[in-house]
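Please keep the sequence and the model at hand while reading.

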Amino acid sequence: MADLILTPNLDRPDDFYAALIAAHDGLSDDESAALNARLILILANQVGNAETLTAALQAAAKAPEGAAA
């Protein structure tokens with residue numbers, strides 16, 4: 001399995017979150033889902049490694065600690 005960075009590793013995460021939320025402003029649920037899908041595919045292309053992407057999918061599918069499964 002690929003080694004993933006699962007600890008905070010984003011410069012200015014609050015700024016990124018604000019930009020992400022702003023990108024969704026005014027979109028319908030379907031438009032918002034389409035934006036998310038495009039963003040995921042663009043970022044997956046940046047990663048460019050199937051093993052890493054598979055590991056990321058598996059990590060994202062796991063319920064966070066303390067969350068209801």
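How much space lies in the largest pocket? The largest pocket holds about 640 Å³ of space, and the coordinates behind this value, like those behind every other value here, belong to a predicted model.

**The largest pocket**

- The lining of the largest pocket is made up of 17 residues, and those that lie nearest the centre of the pocket are Ile40, Leu43, Ala44, Val47 and Ala56.
- Two or more residues of this lining come from each of helix H1 (13-24), helix H2 (29-47) and helix H3 (50-61).
- Among the elements, H3 gives the most to the lining of the largest pocket, namely six residues.
- Sorted by class, the lining of the largest pocket consists of 16 nonpolar residues and one polar residue, with no charged residues.

**Overall dimensions and surface**

- The radius of gyration of the chain is 14 Å, whereas a compact globule of 69 residues would have a value near 11 Å.
- The C-alpha trace of the chain spans about 40 × 30 × 25 Å when it is laid out along its principal axes.
- Of the 69 residues in the chain, 9% count as buried, a class that requires a relative accessible area under 20%.

- Arginine 12 has its place in the segment before H1, and its phi is positive, at about 50°, although the residue is not a glycine.
- As background to that angle, most residues other than glycine have a negative phi.
- Is arginine 12 buried or exposed? Arginine 12 counts as exposed because its relative accessibility is 61%, and the cut-off for this class is over 50%.
- The structure holds one salt bridge, in which the side chain of arginine 12 meets that of aspartate 15, with a distance of 2.6 Å from N to O.
- Aspartate 15, at the other end of this salt bridge, has a relative accessibility of 40% and therefore counts as partly exposed, the class that lies between the cut-offs of 20% and 50%.

- Glutamine 46 is a residue of helix H2, and because its relative accessibility is 63%, glutamine 46 counts as exposed.
- What separation do the C-alpha atoms of glutamine 46 and leucine 20 have? The two C-alpha atoms are separated by 18 Å, while the residues themselves are 26 residues apart along the chain.
- Lysine 62 is found in the segment after H3, and its relative accessible area of 61% is the reason why lysine 62 is classed as exposed.
- Between lysine 62 and alanine 18 there are 25 Å in space, taken from C-alpha to C-alpha, and the two are 44 residues apart in sequence.

Key. Residues numbered from 1 in each chain as written. Predicted model: local features only at pLDDT ≥ 70, side-chain atom pairs only at ≥ 80, totals over all residues. Heavy atoms only, no water. Rg over C-alpha atoms; globule rule 2.2 N^0.38 Å. Buried < 20%, exposed > 50% of the residue type's maximum accessible area, 1.4 Å probe, protein only. 1 Å grid on protein atoms, 1.4 Å probe; cavity = no way out; pocket = protein on both sides within 12 Å on 5 of 7 lines; lining within 4 Å. Points joined across faces, edges and corners; volume = space filled by probe spheres on them. Helix = DSSP H or I, 4+ residues; strand = E, 2+ residues; numbered from the N terminus. Nonpolar A, V, L, I, M, F, W, Y, C, P; charged D, E, K, R; others polar. Salt bridge = Lys/Arg side-chain N within 4 Å of Asp/Glu carboxyl O.
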